[in-house]
Amino acid sequence: MKPFKEVVIVLILLYFATDRVFGQSPSQIDVLTTEQGLPFREVKSIAQDANGLMWFGTSQGIIRYDGYQFKSYNSDKSNPYYIEEELITGEFVFDSTKQNLWFMANDRLFSLELATDKVVEYSVNNNIKGKVLRLLKTTDNTIWVVTDDYWLTQNGHSKQYLQKYVNGRFEVIASISRKDRGFSQLITDAQGHIWWSTPSGTYQYNSQGNLLETYILDSYNWFGVQMHFTLSFFDSENTHYYFPHEKGGIHILNKEQQTSQRLFASQTEFFYAKEDNQHHIWFAGGQALYRMNPQGKFIDYTQQLQQHFDYSRINDLFVDANDLLWVATDNGLFKIRLGEHLFSTLFKSETAGWGNSMRGFFEDAQGTVYGLCESSNKIVYKTRSGIIDTLRLNPTRYNHSELQYAANFFALDETKEHVFTAAIDLLKINLKTGKVKSYKQFKPNLKVYGPNPLLKLRDGRLLFGYTFSRLTLFDPKTETSKTIFNEDDDFPEITDMRYFKESHQDNQVWIGTQNDGLFKISTEGTFIKTYQTGLDSGITKNYILVLEENEDGSLWVGTYGGGLNYISADGQTVKNYTTAHGLPNNTIVGILPDEKNNLWISTYNGLSYFDVKNQSFQNFYTEDGLSHNEFNYASFFKGSNGKYYFGGMNGVTFFEANKVLTKTTSPALKFLSVSGYNNKLKNSFSVDLNQTPMDVITVSPYDQYFQVNWTMPNYFKNQKNTYFTKLEGYDEKWFFQGNSASIRYNQLPPGEYTLKVKGTDSRGNASSSILAIPVQVKQIFYKKWWFIGLLIILSLALVYAFFQYRLNHALAIERLRTKISSDLHDDVGSMLTGLAMQTEMLEMQTNNTIDKTKLHQLTTISRNTISHMRDLVWSIDSRKDTLADLLERMQELAEELLLPANITYTFSTDDSNLQKKVNINCRRNIFLIYKEALTNIIKHSNAKNVKVHIANTHNGCVFRIKDDGSFTIVQNSTGMGLANMEMRAKSINARLEFNTKNGFGITLHLPHSI
């Protein structure tokens, strides 16, 4: 074991070394390489368009990056984004006035129209004087180039030209002899002057192209040629930095005094420089990258970059609209978030990953903050004056496993000169001398391998114990104790207590357990409330790590893997917050409220600030200055100085909340594209919304699906950006999409919708606005109102035509029936009547008995034929279709048949509708059955009276005929009367009953009313 002094020295050196490394912001670097999908690793130039999309120039074409997808322009003719030359040889220039990207490929000049992907080349037709070496856009949006005609002229006569773009042509502003090298640089200063560096020197021009000054900033021999080519940079204050080839480093030119000074001594030759929005200046050369703050202090980022991936040279620097520095290299891109860290650290080791694991914190009367370094079994501290040291325990044996595995919680006595902790024993530690007193009588109440929760109540007593039967109250003043529950008490024996929190209600304590949820008990030994996952309004997990009670009695519960739970004061409402709501992780190990009752929450993957009113989370990670992303259970504390302390797997993060909560607004969201598949056309479609803006997304009824893509152009740790969507008119709430920047809908019902998208960046900062676009899902044509209306009209027309046809047909049949009946009655009836009369006259005139008999028979046949024909004419006459006509005819027939036989009759009906039309077939068969029945009565019954009754019932009609005679069955009769009656009844779906008792009678049951 190292001596105490050595340990102290190591800790002190470790702290200050850590602070120095920390100031270099190593965690504020993100990368974009082929592993993240970059199509080609060597990036030579960078630009950003007005929509926030990034453009990268490579040796294999141009790449557009939206944070998720890459769009490649190259010379592959099968590529829909074809460009003639793909070898990018210089810088990009974005022209916001025309939405064009100017670029140099294979030393030729092109312009890419972003709205159409149309590429225009500028050549000799535009007065380009050869190869294009440099490209510049000035603050007045004028395009300047440097060209070189070396390959077009004979040796010794070649020149370089400074050309300005005017009205579609490049005018020559100046020219110089090229010498043997084509070195060139073109930049502008803060006053809008043009600086052209050449092998012959550096030339200054005004915006009109007039030469103002010539400078020789450096002179050196370049393979036998005397060179004056020097790279320069101007900051926003117009300070002129230049990078001499021979001397290396960074120099500043004082133009007024014609003097220069060496600002940064280094053997590194710098090639690029960029000023960020905080007025830091970044210098790059070869593999080196330095940042100079406004006070002139340099920080070397080279080692930080090399820890992320290998590269051999830096090709370009670019600061985007969100103040992110892009570093282009031959093996990918670095993204460096600008600005200082928001947090400070203590006791952090240089070990990558887990280092000095920290647990419980407390503060003495002098403001010294103590914490347990669990990994080294030490209690370390920092005084208010900044002194860092280790508390030496006496006896030293308590410096080992007794603290390491069980001591997670510390409680000061009233004087704050002693601290208690529950380890293998209950320990009392003197903070001045380190002397340790052990209360071994409580060993059965404590776990050997932690944790052992410990809580100091408002009355000064200590609460500890890992099961309900071992829950103990200890008075530090009197050193007396008692268990809360007696052996005779009826209580559940729950083990593995994890966290104690005293309630605002006197003598009541909340207890979180590892396996059984949350309990509220009184210190008098009674159970008050229980919250478990299986109960109504239950919590999400039974594994409780931390508790915090509000003044109103409501409760915040941090769980292991179940997120953050809010329990209302009455216990009826439980809300759950998880990563889907913005938390960085679902394991909550620490909760500290601030003065606004908002919460600082430590998790297994970052620190979060929860705005309770707005229900929003702002998250922080190592790139913001945290000592480690994974925090520890029972490792949080708020000091008397107002600072917050959270311990993790490598040291302690501490901060002042008002300095940290400089909440920034994320960039506005942007819709990128709409894509889908059309079943009718059998092909996919995609619309780039940056090129073809849409006021509304129109979805065809044949679109099997459609997908909407968007981005939030915040490219630092953009894998942590999260999104929520809501389709108004379809969704009732916002849905968490995670990191996915797209959503697909399949077969949406036709209608009008509005797609809304909102997002948060890696810190939880909400996007500046909610993105919204109307969505119109078209109805298929055969379901549209006009088509349905047309079908209804057509159907009605067909029905009308059909009924009109039926009507006309029925009228025609009625007319035919009327004509036939009239013809039969008038023509055939009159002839038969005439025949009968002639036969009767002949019968009267003849004296021959035989002839007379024959003539009588002929007369009878004629009269019967007339009678049958009259019945037939009546049955088909459409003018006799009503029930009244049927009854009238039946009465006529009764008079014709019954009265000559001295038989009386009576007719009776119910309140039937006499004007109701009766079906011709039904009317005919009823009449013939009736006629046959009367005939049988006359022939076979000696009746004196006949009753006929017709009545409609609830399920049809009943037709009865009955006489008062005695029916005589005729033997050997060949008549078919009864059989014919039954046949006629069946033809109209009627049921016929015969009654031969006390005369003859029939009952006809019709299935319908008449």
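**Notebook: a buried leucine, cores, cavities and salt bridges**

I began with Leu583, which counts as buried at 4% relative accessibility (buried means under 20% relative accessible area, exposed over 50%, and partly exposed in between, with a 1.4 Å probe and protein chains only). I noted that the model is a predicted one, in which local features need pLDDT of at least 70 and side-chain atom pairs count only at pLDDT 80 or more, while totals for chains, interfaces and linings use all residues. Residues are numbered from 1 along each chain as its sequence is written, and side-chain values use heavy atoms, with hydrogens and water left out.

**Entry 1: around Leu583**

I found Leu583 in the loop between strand 51 (574-577) and strand 52 (588-593); strands (E, at least two residues) and helices (H or I, at least four) are DSSP runs, numbered from the N terminus. Leaving aside residues up to four places away in sequence, I listed what Leu583 touches, including Leu564, Tyr577, Ile601 and Phe617, where contact means heavy atoms within 4.5 Å. I also looked up Ser616, which is 33 residues from Leu583 in sequence and 8.9 Å from it in space, C-alpha to C-alpha.

**Entry 2: the cores**

Which residues touch the most other members of the largest nonpolar core? Among its 52 residues, they are Leu564, Trp600 and Phe646, a nonpolar core being a set of buried Ala, Val, Leu, Ile, Met, Phe, Trp, Tyr and Cys residues joined through side-chain atoms within 4.5 Å. Apart from this core lies another, of 35 residues, with Leu883, Leu887, Val918 and Cys957 among them. Back at Leu564, I saw that its contacts include Leu583, Ile588, Ile591 and Phe610, again without counting residues up to four places away in sequence.

**Entry 3: the cavities**

On a 1 Å grid over the protein atoms alone, a cavity is a set of points where a 1.4 Å probe fits but cannot get out, and lining residues have an atom within 4 Å of a point. Grid points are joined across faces, edges and corners, and a volume is the space filled by probe spheres set on the points. The second largest cavity has a volume of about 30 Å³, and its lining includes Trp510, Lys529, Tyr531 and Ile567. I sorted the lining residues of this cavity into five nonpolar, three polar and one charged (Ala, Val, Leu, Ile, Met, Phe, Trp, Tyr, Cys and Pro count as nonpolar, Asp, Glu, Lys and Arg as charged, and the others, Gly among them, as polar).

**Entry 4: the salt bridges**

How many salt bridges does the structure hold? The structure holds 30, each a side-chain nitrogen of Lys or Arg within 4 Å of a carboxyl oxygen of Asp or Glu.

I followed Lys756 to Glu728, where the closest N and O atoms of the salt bridge are 2.9 Å apart. Lys756 lies in strand 66 (residues 751-760) and Glu728 in strand 63 (residues 722-728), so this pair ties together parts 28 residues apart in sequence. Lys756 is partly exposed at 23%, and Glu728 is partly exposed at 30%.

I then turned to Glu892 and Arg889, whose side chains meet in a salt bridge (3.3 Å, N to O). Both lie in helix 7 (residues 883-897), three residues apart, about one turn of the helix. Glu892 counts as partly exposed at 33% relative accessibility, whereas Arg889 is buried at 3%.

Finally, I wrote down a network of salt bridges that links Arg64, Lys71, Asp117 and Asp688.

Definitions and conventions
On a 1 Å grid over the protein atoms alone, a cavity is a set of points where a 1.4 Å probe fits but cannot get out, and a pocket is an open set with protein on both sides within 12 Å along at least five of seven lines; lining residues have an atom within 4 Å of a point.
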